[in-house]
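Subject: Handing over the structure

Hi there,

Thanks for taking this one on. The sequence and structure are just below, and my notes come after them.

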Amino acid sequence: ALGSKLQGVFDRLRGRGALSEADVNDALREVRVALLEADVALPVVKDITAKVRERAVGQEVIRSIQPGQMVVKIVHDALVDALGGKDAAKGIDLAAASPVPILMVGLQGSGKTTTSGKIALRLRGRERKKVLLASLDVHRPAAQLQLETLARQAEVTSLPIIAGQTPLQIAQRAMETARGELYDVVILDTAGRLAIDDALMDEVAAVKAAVKPHETLLVVDAMTGQDAVNTARAFNEKVGVTGIVMTRVDGDARGGAALSMRAVTGAPIKLLGAGEKLDALEDFHPDRIAGRILGMGDIVSLVERAAETIDQAEAEKLAARMQKGQFSLEDYASQLKQIGKMGSLSGMLGMLPGIGKLKSQLEGANLDQTILKKQAAIISSMTVKERRNPDLIKASRKRRIAAGSGSSVQEVNRLLKQFEDMRDMMKRMNKMGQKGLMRGGLA
Ligand code: GDP
Ligand code: MG
């Protein structure tokens, strides 16, 4: 009765049918508008929607979710990927010999000097680095003083100002000072122009060639919208950038420039500037920006919650079969899919009530994705009879299954061993389970 009840829940949640091309096109029309309004460059919008169309058509829709909502979630995931993936929060790379030079480039007013001060504060505070700030901006008289003031606020040193030096001379002096006085990091703040011009690019390129910075950070104002992509392309072609800092995300720009800049330069967005104060520097989280660009955060979390419910139902279904001592290779195969999705076996079983104790045991048994796929292929090469009764699988069957799945007999053996281990573990869990493991959640 328990099993069929769960089966019912499960069937209700899953299988509204597959996304049709019309579903996808309808939803993408709306998505396209949202992306353009968020300042994503048109070629990037086209690229994303094409990818999503390919990914989405035919995908199964969770029952409690509308097809359009499902597409929005797929778009969101594509945006996260395009921004560098879920775990992309990358700070500044300091993995180089000290003193590590960091070159700040960008147009005038983009926030280079402010960001230099913010980074200095962060590196001094959080990473306990000895930081030297140097302004190469000889074009505006107040620029060097501005950096000096920020350095004082950040409680780091700024290179003494010597009138009449060229940017290149200042950069070289900064590096000499840093070597002599054992600084960990040198941040070189360059001059900007209101628009891209060759003189600016040549000046920055000459400094770059002489100093060989470990990071060349392009600072771009998020409010410049569609222009940001041209700026990023020009700086990347003429100077080369290793990372991007997007400033003024405290304004009302939706941040689509991040997506375009990442697409044209391939360089990661490393940090965000979110205010004028020195502590207004944030790590970049692709999922947050993706949500802001798309502006459909409610739908995304709705679909995520529904998907979690399905995972929960599936985990409970597995638990019910385990409890009854029925666990076949068919179950194992259907769980492999789920496990792959969750990232780990312990992740999935972790959702079951009371499983905490077993988690550490399971973590040791974590399987990597390629092995999961291989094992799924091996199981699909078995007959139904073999899946339900693996004891039938002797030498000649093993050879047939191995050939059919493009694997070796050793790999088939390994799978069978793993399955047996798992079944044994489940029997053990079962005994404990009578006293509470399953009860809480299922009885
Ligand atoms: P630079 O010409 O590239 O060196 O730009 P500045 O660092 O001098 O910044 C220009 C102006 O933008 C200053 O008034 C800063 O206070 C302001 N600014 C810089 N970053 C941000 C930010 O993230 N948010 C906001 N609201 N203002 C910023
Ligand atoms: Mg400046």
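Here is a short tour of what was found. Please keep in mind that this is a predicted model.

**The sheet**

At the β8 end, strand β7 (residues 269–273) runs antiparallel to β8, and 3 bridges join the two. If you want a residue pair to look for there, L271 stands opposite D283 in β8.

**The ligand**

Next, ligand 1. It is surrounded by 18 residues, and the closest are G111, K112, T113, T114 and G273. Which helix gives the largest share of this shell? That is α5 (residues 112–125), with 3 residues. Sorted by class, the shell holds 11 polar, 4 charged and 3 nonpolar residues.

**Helix α5 and its partner**

Helix α5 also packs against helix α6 (residues 141–154): their axes come within 9 Å and cross at roughly 25°. That angle makes α5 roughly parallel to α6, and the crossing is right-handed. On the α5 side the contact is made by T113, S116, G117, A120, L121 and R124, and on the α6 side by A143, Q146, L147, L150, A151, Q153 and A154. These residues divide into 7 nonpolar, 5 polar and 1 charged.

**Helix α2 and its two partners**

Helix α2 (residues 21–37) is worth a stop too. With helix α3 (residues 42–56) it packs at an angle of about 155°, the axes being 10 Å apart. The two are therefore roughly antiparallel to each other, and α2 passes α3 in a right-handed crossing. From α2 the contact takes V24, L28, V31, R32, L35 and L36; from α3 it takes V45, I48, T49, V52, R53 and A56. Their classes are 9 nonpolar, 1 polar and 2 charged.

The other partner is helix α4 (residues 67–82), whose axis comes within 9 Å of that of α2 and crosses it at roughly 60°. Is this pair parallel or oblique? At that angle, α2 and α4 are oblique to each other, and this crossing is right-handed. The α2 residues in the contact are D23, V24, D26, A27, L28 and V31, and those of α4 are P67, G68, V71, V72 and V75. Here the classes come to 8 nonpolar, 1 polar and 2 charged.

**Two backbone details**

Finally, two spots in loops. Most residues other than glycine have a negative phi, and most peptide bonds are trans. The peptide bond from S98 to P99, however, is cis, with omega near -5°; P99 sits in the loop between α4 and β1. L182 has a positive phi, near 55°, and lies in the loop between α7 (167–180) and β4 (185–189).

Enjoy exploring it!

Best wishes

Key. Residues numbered from 1 in each chain as written. Chains lettered and ligands numbered in written order. Predicted model: local features only at pLDDT ≥ 70, side-chain atom pairs only at ≥ 80, totals over all residues. Near = placed C-beta within 6 Å. Helix = DSSP H or I, 4+ residues; strand = E, 2+ residues; numbered from the N terminus. Nonpolar A, V, L, I, M, F, W, Y, C, P; charged D, E, K, R; others polar. Pairing = 2+ DSSP bridges. Axes fitted to C-alpha atoms, helices over the stretch in contact; angles between N-to-C directions. Parallel < 35°, antiparallel > 145°, perpendicular 65-115°, else oblique. Left-handed = near helix turned anticlockwise from the far one by under 90°. Contact = placed C-beta atoms within 7 Å.
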